[in-house]
Amino acid sequence: MQIILGKENAEKVGDKYIVLDLDTFLINGEEVSSYCVLDASSIPLEEMTQLPHWVTNHNKIMENYRKQNWVFCEQMIDHCLERWGGSMKSFYAVLLARILDLKTQDLPVNWTGAIPK
């Protein structure tokens, strides 16, 4: 998995590669999105036929993370953990650990999920 920053960069490679939304970072007061670029050759052939389904599920995880819908995220991460030929496993594990921590906190109403850097 390769990681790139910025929506413009993700759009440039989106026609040739599988690009998934990851975290958003707060850098010098500006929110910058990060994306992973997956090599299709690392994804099992049987998953390729359902690729749009798994992209949608991943996007739902990230959308619900930003909405603080922790239960949905936990369940969907469990569902997606072994997908993508295992290349997203470490990201999902880190995200799940973060969720388990965040759900014990009182987050501000304007919390967006952006990670300060």
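Two strands pair if DSSP finds at least two bridges between them. Strands (E, at least two residues) and helices (H or I, at least four residues) are DSSP runs, numbered from the N terminus. By that rule, strand 2 and strand 3 pair through eight bridges and run antiparallel. This is a predicted model, in which local features need pLDDT of at least 70 and side-chain atom pairs count only at pLDDT 80 or more, while totals for chains, interfaces and linings use all residues. Residues are numbered from 1 along each chain as its sequence is written, and side-chain values use heavy atoms, with hydrogens and water left out.

- Four strands form an open sheet with mixed pairing, in the order 1-3-2-4.
- Strand 1 (2-5) and strand 4 (115-116) are the edge strands, and each pairs on one side only.
- Strands of a sheet pair through backbone hydrogen bonds, either parallel or antiparallel.
- Strand 1 and strand 3 (residues 30-38) run antiparallel and are joined by four bridges; I4 has Y35 of strand 3 as its bridge partner.
- Strand 2 (residues 18-27) pairs with strand 4 in the parallel sense over two bridges, and F25 has I115 of strand 4 as its bridge partner.

**A link between sheet and helix**

- The whole structure holds five salt bridges (a side-chain nitrogen of Lys or Arg within 4 Å of a carboxyl oxygen of Asp or Glu).

**How the helices pack**

- Axes are lines fitted to C-alpha atoms, for helices over the stretch in contact, and angles run from 0 to 180 degrees between N-to-C directions.
- Angles under 35 degrees count as roughly parallel, over 145 as roughly antiparallel, 65 to 115 as roughly perpendicular and the rest as oblique.
- Helix 3 (residues 51-66) and helix 5 (residues 89-102) pack at about 25 degrees, with their axes 12 Å apart, which means that helix 3 is roughly parallel to helix 5.
- Helix 3 and helix 4 (residues 70-80) pack at about 150 degrees, with axes 9 Å apart, so helix 3 is roughly antiparallel to helix 4.
- Helix 4 and helix 5 pack at about 160 degrees, with axes 10 Å apart, so helix 4 is roughly antiparallel to helix 5.

**Where the helices touch**

- Contact means heavy atoms within 4.5 Å.
- Ala, Val, Leu, Ile, Met, Phe, Trp, Tyr, Cys and Pro count as nonpolar, Asp, Glu, Lys and Arg as charged, and the others, Gly among them, as polar.
- The contact of helix 3 with helix 4 includes W54, I61 and Y65 from helix 3 and W70, M76 and I77 from helix 4; by class it has nine nonpolar, four polar and one charged residues.
- Between helix 4 and helix 5, the contact is made by W70, C73, E74, I77 and C80 of helix 4 and Y92, L95, L96, I99, L100 and L102 of helix 5.
- By class, that contact of helix 4 with helix 5 has 10 nonpolar, no polar and one charged residues.
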